[in-house]
Amino acid sequence: VNQSANNHLDEMTLLLYAERQLDRERAHEVSVHTQTCEKCLNLLRVLDRESRLLTRSLLEQDEPLPARIAEFHAQVKRSMQWIWGVVFGMALLGAYIGYAGFVEPWEQQFEQAGFGGTNLVSLLVFQGAFWKGWQSMFTLVEFVGSISFAIFGLFLLRKYFKRGTALAVMFASMGLLLLAPARTAAFQVNIDTQIDGEKSLEVKKDQVLKQDLYFFGPQLRVDGTVDGDVYSFAQRTEISGHVTGDVICFTRSAHITGQVDGNVRVMANNITISGTVERNVTTMDDDVNVDSSAKIGHNLTAMGQLLTLDGKVGRDVLTMFDEANISGDIGGNLKAKGKTLTISSGAQIDGTSKFEGEKPASVASSAKLASPIEFTQEQRHESRTSHGVGYYIWRVVWAGAWILFGLVLISLMPRFAAETIESAERYGASLGLGVLVFFGASIAALIACITIVGLLVGISTFFLWIVSLFSSYVVAGAVVGRWILGKASELWPTVGRMALGVILVVIVTGIPHVGGWVRFGIWIWGMGAIALALYRRIQPVIAPHVPSLPSGTIGTPIQPTPSAA
Amino acid sequence: MEPLKPGQISVPGKTEPSDLIAQARAGDTQAWGDLYREYAPAIFRFCRRALPSKEDAEDATMEIFLKLRDKLVQYDPSRSFSAWLYKVAANHCWDLLRRRKARHDKDMEDVTEIPLEAPEPNQLERLIEERTSEEVRKALDKLGARARMALVMRYYSDMSYDEIADALGVRRPFVGVVLLRARHELRQALGENTVLAAGGTR
């Protein structure tokens, strides 16, 4: 125990003694000393009183709990539920992308190599739930954008749903789709037959089903009557009987040879209609065949690659096809967009005809057209580069996707998000680092991929590069939002600022000529900010300066002195 | 009502809600809500004392509880939940201050060079008697980040020297130095009395 020249204990020793931090022997020495030294005893008492004053002052409840803190719990629960929902949805999407991109090609190679058969996973999960034709309708990126936008829309409308209902409905539906086994499972009906050796559902010719029919499975055949709607998620759907309601199909191939009193909405690889549809047909397919015997009462709206229209359409036809061949009757107007349009000799169009394509439509001389075809030369990649409606729709979709992406990022990594935004405000550093990362990382990843050993590293780096490229919009949006509305540290104000910023960024990047450069600048800036934040984070934290312990200050045994005190 | 003791979060005499903690650990959102209601006020006050502004304290409280949701599985039920909670809170607050470089405001680089002299007991006693809790809290706001943090950890949360050393990233023997230095800073802020702050008779 340290003592000063005049044999008093120092304050440090007394404090440690008061706080019971001295070992038994030293504590005993202090105790002995303070029994005889009034000055040290007084100081010890005062130190103890000071401790109690400190404790009392600190513990005193001088202000009420802020409402924000009191209400926070509910917010956390809600927000986290939502975030996890989004994450789950994205994971689901990721699983599908992973399957379509990696598992399925391998599976096909195995099948070609003689290891045929469908594995359990794809049988139970993917074939029942996901349909290959999706890829022909949207590019993968657009698909992701659409889903994200839909989720974001749901999020915005969440107030109108009961708590959790929206999520429950959405994910229960997705879960149902996922879990839908490839084997036949029809609700409400107990018809379970073999068609071509597969367990499938058949509504037989003499049967009448007086309710809606929902079907998940390889094959659905309706030869009888369904007095209601038909919802089919099957590889093959055949309607040769009579459906009094609508037919909604997500299927690989659909054949409608019977009669449908309502509408037909189909997403398929190919659809053939040779029967009668009393109302509208809306379809997205690779191939659409409307046979000569087919009758569509109202409109035909179709998108895909090849359209063959030999039958009769009561009203308008709106198509977006690479190749469209029309030899049937159209009671209303024709509006077509695509590469080629051929109107054959038997065709009759009672309304106006408009075509936008690469070259003028080929029209047979004997075709009966109420008016000449109004042709518009298609501008290459119009939907993306010019300001058509599709362009704006996709801009909105992308803005929604970025906002959602940013919401997830900020919610899951609030501190890192804040650090990244701070880094982005160091404009010089982030732009400089951004140039390095933008070019350097991509080139490094490419080089790594060339070598077999570095393939994994290269792909991972490239993946991270892509992710940061996408994130750059969020970063830029967050900073722009802060410029306008000021700084915020809470989650939702931060997200709100980010959303506003992203919308502005998307608008600015859409300006012709300038937008491309702005977009490039945002990539550089955002990537640089992310890299800077990462760099600062992985940089070893320098320990606060710690003074060296004065030798012999604490813990030195007290030297008994008769003159103490 | 009996005043709370340092480090005590719940009502005195009430044991820690181990069932609630176990349920919250298992993912029960209702239990999590109850746990939040039970402990949020104390953690908010901890942050309020340790951080420079009320807004910072509110943000930090929410961040701490967000963090706790993930960390709850790491909690060892055989140990005190309050102590563990304060440790998480202290680490979070100090991390926050450190990242803001607040540690540079009033550091202790001169501790070894300028030894602290003991105050005159009578003068110190007078100062303590004259000052109210509110004045102490106001004075606390004038301290450097590390000094304030150390005092709050010790005299609000009743954290041990080992825990304080761990949270502040200093070696255990220096915790006493940090605390003593903090007290001197506080006395200075309280009294602006150079005699008291710099030391009394020797």
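How many bridges pair S22(A) with strand S25 (residues 373–377) of chain A, and in which sense? The two strands pair in the parallel sense over 5 bridges. Two strands count as paired if DSSP finds at least two bridges between them. This is a predicted model, in which local features need pLDDT of at least 70, side-chain atom pairs count only at pLDDT 80 or more, and totals for chains, interfaces and linings use all residues. Residues are numbered from 1 along each chain as its sequence is written, chains are lettered from A and ligands numbered from 1 in the order in which they are written, and side-chain values use heavy atoms, with hydrogens and water left out.

**The two chains**

- Chain A has 15 helices and 25 strands. Helices (H or I, at least four residues) and strands (E, at least two) are DSSP runs, numbered from the N terminus.
- Chain B has 10 helices and 0 strands. From its N terminus, the elements run α-α-α-α-α-α-α-α-α-α.
- In chain A, 44% of the 565 residues are buried. Buried means under 20% relative accessible area, exposed means over 50%, and partly exposed lies in between (1.4 Å probe, protein chains only).
- In chain B, 54% of the 202 residues are buried.
- Take the contacts in chain A with a sequence separation of 6 or more: 35% of them involve residues 24 or more positions apart. A contact means heavy atoms within 4.5 Å.
- For chain B, among contacts between residues at least 6 apart in sequence, 71% join residues at least 24 apart.
- Chain A exposes about 28600 Å², with 61% supplied by carbon and sulfur atoms. Accessible areas come from the Shrake-Rupley method with a 1.4 Å probe; for residues, only the protein chains shown count as cover.
- Chain B has an accessible surface of about 8800 Å², and carbon and sulfur atoms hold 47% of it.

**An open sheet in chain A**

- An open sheet of 10 strands has the order S4-S6-S8-S11-S13-S15-S17-S19-S21-S24 (chain A), with parallel pairing.
- Its edge strands are S4 (208–209) and S24 (368–369) of chain A, and each pairs on one side only.
- Within this order, S8 (residues 242–243) and S11 (residues 259–260) of chain A run parallel, joined by 2 bridges. Val243(A) has Val260(A) in S11(A) as its bridge partner.

**Other strand pairs in chain A**

- Strand S7 (residues 230–239) of chain A runs parallel to strand S10 (residues 253–256) of chain A, and 4 bridges join them.
- Opposite His255(A) stands Thr272(A) in S12(A).
- Strand S20 (residues 334–343) of chain A is joined to S22(A) by 5 bridges, and the two run parallel. Ala336(A) stands opposite Phe355(A) in S22(A).
- Why is strand S22 (residues 353–357) of chain A largely enclosed by the rest of the structure? The reason is that 4 of its 5 residues are buried.
- In a regular strand, side chains alternate between the two faces of the sheet.

**A buried loop residue**

- Ser274(A) sits in the loop between strand S12 (264–273) and strand S13 (276–277) of chain A.
- Ser274(A) counts as buried because its relative accessibility is 18%.
- Leaving aside residues up to four places away in sequence, Ser274(A) touches Ile256(A), Thr257(A), Asp291(A), Ser293(A) and Ala294(A).

**Where helices of the two chains meet**

- The axes of helix H3 (residues 38–59) of chain A and helix H6 (residues 133–141) of chain B come within 8 Å and cross at roughly 85°. Axes are lines fitted to C-alpha atoms, for helices over the stretch in contact, and angles run from 0 to 180 degrees between N-to-C directions.
- H3(A) is therefore roughly perpendicular to H6(B). Angles of 65 to 115 degrees count as roughly perpendicular, under 35 as roughly parallel, over 145 as roughly antiparallel and the rest as oblique.
- From H3(A), Leu53(A), Leu54(A), Arg56(A), Ser57(A) and Leu58(A) meet Ser133(B), Val136(B), Arg137(B) and Leu140(B) in H6(B).

**Two residues of helix H3 in chain B**

- Arg69(B) lies in helix H3 (residues 54–71) of chain B. Arg69(B) is partly exposed, at 29% relative accessible area.
- Met62(B) is also in helix H3 of chain B. Met62(B) counts as buried, at 9% relative accessibility.
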